[in-house]
Structure formats: structure tokens, C-alpha cells
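Today I opened a new notebook page for a quick look around a model. Here is what I had on screen.

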Amino acid sequence: MNIERFHAQQHGDSRGQLVALEEKSEIPFDIKRVYYIYDTKEGVRRGFHAHKSLKQLLICVNGACKVLLDNGHEKEIVILDKPYEGIFVQSNIWREMYDFTPDAVLLVLASEIYDESDYIRDYGRFLELVNNKDDMCSKETEREV
Ligand code: T46
């Protein structure tokens, strides 16, 4: 699975570190929303959904957590444990976040404001949508040939 990783430039000096995230130069989408997840209880697993069109950048700015990404064909687990590294999560990717350390703060930059209708919360429905999309793409490719 092709996971797009993000490495932020660190502006460090003798006082410590600073990371700046700017729309367009670092982030390839308009940042319409920022939210963060913290104080996640032990053993909790969050997410369990995909998005129809939302794009996001996930950075665990403190502590660590794991993210399972699933494109309907392959699954991959990413450990986020550095405040200057993250992952871009595109639309139509099922995600689950878990193994949060007690101090974990998962920062998310999102391309759209909150919209519950953009969520696909049923895994069976997610697989149907992904497979339909794949069928449509292969038909278009056949037509082009
Ligand atoms: C995602 C992963 C990484 C809002 O009111 N506004 C918001 O912007 C968000 C994100 C959530 N909420 C409310 C909706 C729920 O009542 O906050 C509550 C918890 O949200 P949710 O259960 O969707 O949280 P997670 O951790 O399962 O998923 C979140 C994002 O919703 C999702 O887009 O990709 O983090």
C-alpha cells in the first residue's frame, strides 16, 4: 500500500524545536479544520470509518499511537511517534487508531469542515464502494485501449 509520509522541517536552535505547517507549501490541500485527539483511554480503538472525499494529515505531536490503514485490498499499520513526522490519509481509506500512549496527542489537519455525511462507517459498505470504484476504473481503462 502506498502510504504518503510527511516529514516536516524542524526549525531547531539551542532553545529547542519548532515546526510550522503551511497550506500549499507543506500541505497539499486547503486546511479548513484542525482537531486533536488526546487523553485516549487504555485499550481504546478509534476511527472505524473511511471518508468519501476528506483528505487529512495526521501527526502525533506528543506520545505515540498506531494507525491501521486499509484501502479495501491491503492493510498497513503505521506508528506515529514523532512530532515532525506524519501521514497523509486520502479519501476512501478505512482507518483505525489504537495503542495510544497516555500522553498521546494526535493532531489532524483536514481539507474540509466537519460533515457527518462524508463518513462511511460500515465496513461492508466501504468494501462495496471501493470495489465499485475499481470496476469503474478498469472499465474506463478498457474503453481507452
Ligand atoms: C478521522 C480520525 C483520524 C466534531 O464535532 N467535529 C470534528 O471535527 C470531529 C473530527 C469530531 N466531532 C465530534 C463527532 C463525535 O461526536 O467529536 C466526536 C468524536 O468524533 P469521532 O468519533 O468521529 O472520532 P474518531 O477518533 O473516531 O475519528 C476522528 C475523525 O472523526 C475522523 O475524521 O479520520 O479522527
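My entries below go from the whole chain to its sheet and then to the ligand.

**Ground rules.** I worked with a predicted model, where local features need pLDDT of at least 70, side-chain atom pairs count only at pLDDT 80 or more, and totals for chains, interfaces and linings use all residues. I numbered residues from 1 along each chain as its sequence is written.

**Whole chain.** I found one helix and ten strands, taking helices (H or I, at least four residues) and strands (E, at least two) as DSSP runs numbered from the N terminus. Along the sequence the pattern reads β-β-β-β-β-β-β-β-β-β-α. The C-alpha trace spans about 60 × 35 × 25 Å along its principal axes.

I looked up an open sheet of five strands, which has the order 6-5-8-3-10 and antiparallel pairing; two strands pair if DSSP finds at least two bridges between them. Strand 6 (75-80) and strand 10 (119-120) are the edges, each pairing on one side only. Strand 10 meets strand 3 in the antiparallel sense over two bridges, and I noted I120 as the bridge partner of A50.

**Ligand.** Which residues are around the ligand? I listed R33, Y35, I37, R46, G47, Q56, R95, M97, V108 and Y114, where near means a C-beta atom, placed from the backbone, within 6 Å. Strand 2 (33-38), strand 3 (46-51) and strand 8 (94-98) each supply at least two residues of this shell, and the largest share, three residues, comes from strand 2.
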